[in-house]
Amino acid sequence: MPLSQLKFGSRRIYYNNFAEHLLNAYNPNMTYPGLPHRWSDEDWRACIDMIAAFGFNVFEFWLVPRIFSREGLGSPFGREFARQMNVIAEHAHGVGVKMEFIAGLATIGDDWRTACPHIPEEWDEITYLWDQWTRRLSGTDIVGLYPGDPGGCSRNGCTAMTYIDRCCDVAHLVKRNLPRASVELCTWGPPFFAWGNIKGPADWKGEFLPEYQHTAWDFDRKRAEESMGHLLRRLPDYPPDTAVSINLGFNSDGVPSGDQDARPWARAIAETNAILTWDFSLTEGENAIFPHCRFERLFAQRRLEREAAPYSGGICFTMTPRLNQLSLYGSALSFQVPDADPAAVAHDFFSRAFGPGGAEAGRFIPLFEIVPDWGNHVTLDIGREAFHGKMTGLVDLLESLRGRLSPSLPLIPSPDVYLAELLFFARFFAELSGRSPEYDALRAAYWKRVYAIYDLLPRHVDPRPHAATDNIVRFFREWKDAPIEWNHGP
Ligand SMILES: [Zn+2]
């Protein structure tokens with residue numbers, strides 16, 4: 001069957017982003033040996049078994065810039081990374097899960113510098129790294145070429161067309177080194193994040209500059225039309241089984257509004273190539289670490305995709321696989337049964353994760369989405385006192401399940417550890433919404449539980465965990481809906 005005729009949602013991608021700025025207690029630490037949260041091969045096999053049971057058939061990871069570099073190739077941490085990925089690939093293949101890595105076309109090293117394809121020696125370096133990594137990750141089934149975020153070049157005349165042309169070269173390199181593998185070309189951004197539109201200082205050499213990152217999202221209709229037209233012309237030059245990731249809209253939430261409507265382009269590409277969504281915003285946001293359940297929008301977006309174009313799947317993002325199993329379970333299902341009732345999905349998940357007595361937990365998890373965050377479109381009509389009461393109710397429910405679990409779903413961590421994590425967050429949110437919370441102490445407890453690994457690292461170029469922690473606490477500090485009557489009872 002031609003790839004372009006795959007059934008809706010047939011490629012269901014578990015995208016575990018474990019990049020250096022997304023480290024936390026619930027994500028594997030793949031880049032800093034000697035620091036906490038390393039996963040053994042056995043941990044990884046259990047994770048693959050879990051996602052396969054949820055319905056995923058692709059495991060995708062970002063070959064992060066720290067690895068995609070000379071240092072990554074030459075250092076023990078890079079060699080261990082390649083070894084472990086090939087071990088995971090062997091196990092994944094045995095349970096029907098394919099391996100996909102994505103990398104920014106030209107984003108290299110710890111400091112996230114973007115090399116310029118128009119500088120011959122920098123282009124040589126880019127192709128050297130692609131050549132080396134496609135050889136080392138020999139268990140790879142799909143190679144994702146990604147514009148950046150971070151990444152993308154607008155120096156020396158680089159545009160989105162440069163990205164499309166040079167990715168075509170790399171796509172053929174991939175086919176030479178990994179003849180079994182196919183390529184996925186990603187259009188992420190407005191489209192093609194940063195290529196030709198990101199701004200920088202006059203003497204810019206491609207360094208990552210946080211203060212300019214927002215300019216990579218500048219949308220320009222003419223740029224979008226020219227670059228997408230160029231992609232349609234160049235696609236026949238790509239290997240024939242190349243898939244293209246294109247969201248419904250050319251914005252960070254994939255919203256198909258006005259000039260940013262990407263659906264006509266998706267339909268045009270689908271005439272010849274498989275299309276997928278790469279909607280990063282649907283599941284967890286970034287760095288908003290607590291139990292997530294954004295199923296209303298997730299399932300609605302799947303139904304929109306199903307109507308819009310013959311999408312054959314897409315990514316489900318996580319940076320917290322050891323905390324957001326519910327979100328992952330629903331994400332895989334959203335591709336298989338887009339019409340499912342989100343509340344029933346959550347109910348079903350907990351009755352399988354904890355046993356029938358745990359099913360009610362599904363009603364509470366969407367309440368955590370009270371904290372505003374990127375990609376979170378949940379609206380909750382609830383006062384502070386009522387919220388506190390609900391969180392206290394969740395604490396009681398989870399407490400009552402201790403020692404009485406009867407799981408029928410493979411989970412990592414084990415259901416009792418997962419239960420303990422949910423309890424931590426339920427208590428944390430209950431205390432934050434209480435009458436006179438000790439905000440500073442609560443902030444410290446959260447940091448210790450979730451992000452303490454950053455106390456052991458040098459300051460990263462993108463230090464957003466601190467801001468994310470402040471964001472949660474600030475929300476409750478500023479939520480003035482104080483109760484008249486207060487009832488601490490169940
Ligand atoms: Zn350039």
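Okay, before we go on, some ground rules. What you're looking at is a predicted model, where local features need pLDDT of at least 70 and side-chain atom pairs count only at pLDDT 80 or more, while totals for chains, interfaces and linings use all residues. Residues are numbered from 1 along each chain as its sequence is written.

So, the overall picture. The chain has 16 helices and 10 strands; these are DSSP runs numbered from the N terminus, with helices being H or I of at least four residues and strands E of at least two. The C-alpha trace spans about 70 × 50 × 50 Å along its principal axes. For 490 residues, a compact globule would have a radius of gyration near 23 Å, and the chain agrees with its 22 Å. That radius is taken over C-alpha atoms, and the globule rule is 2.2 Å times the number of residues to the power 0.38.

How much of the chain counts as buried? Of the 490 residues, 48% do. Buried means 20 or more other C-beta atoms within 10 Å of the residue's own, exposed means 12 or fewer, partly exposed is in between, and the C-beta atoms are placed from the backbone. As for contacts (C-beta atoms, placed from the backbone, within 7 Å), take those with a separation of 6 or more: 80% of them come from residues 24 or more positions apart.

Let's go back to our opening pair. H9 is residues 295-308 and H11 is residues 342-353, and they pack at an angle of about 120 degrees with axes 9 Å apart. Axes here are lines fitted to C-alpha atoms, for helices over the stretch in contact, and angles run from 0 to 180 degrees between N-to-C directions. H9 and H11 are therefore oblique to each other: under 35 degrees is roughly parallel, over 145 roughly antiparallel, 65 to 115 roughly perpendicular, and the rest oblique. Phe295, Glu296 and Phe299 in H9 meet Pro342, Val345 and Ala346 in H11. By class, that contact has five nonpolar, no polar and one charged residues. In this scheme Ala, Val, Leu, Ile, Met, Phe, Trp, Tyr, Cys and Pro are nonpolar, Asp, Glu, Lys and Arg are charged, and the others, Gly among them, are polar.

Now on to H15, residues 439-450. Helix H14, residues 415-432, packs against H15 at about 160 degrees, with axes 11 Å apart, so the two are roughly antiparallel. Their crossing is left-handed. On the H14 side we have Phe424, Phe428, Glu431 and Leu432, and they meet Leu442, Tyr446 and Arg449 in H15.

H15 also pairs with H16, residues 464-478: the axes come within 10 Å and cross at roughly 150 degrees. So H15 and H16 are roughly antiparallel as well, and this crossing is right-handed. Tyr439, Leu442, Arg443, Tyr446 and Trp447 of H15 make the contact with Thr469, Val473 and Arg477 of H16. Those residues divide into five nonpolar, one polar and two charged.

Last stop, glycine 72. You'll find glycine 72 in helix H2, residues 70-74. Why does glycine 72 count as buried? Because glycine 72 has 25 C-beta neighbours inside 10 Å. Leaving out residues up to four places away in sequence, glycine 72 touches Arg66, Ile67 and Gly78.

Notes:
Left-handed = near helix turned anticlockwise from the far one by under 90°. Contact = placed C-beta atoms within 7 Å.
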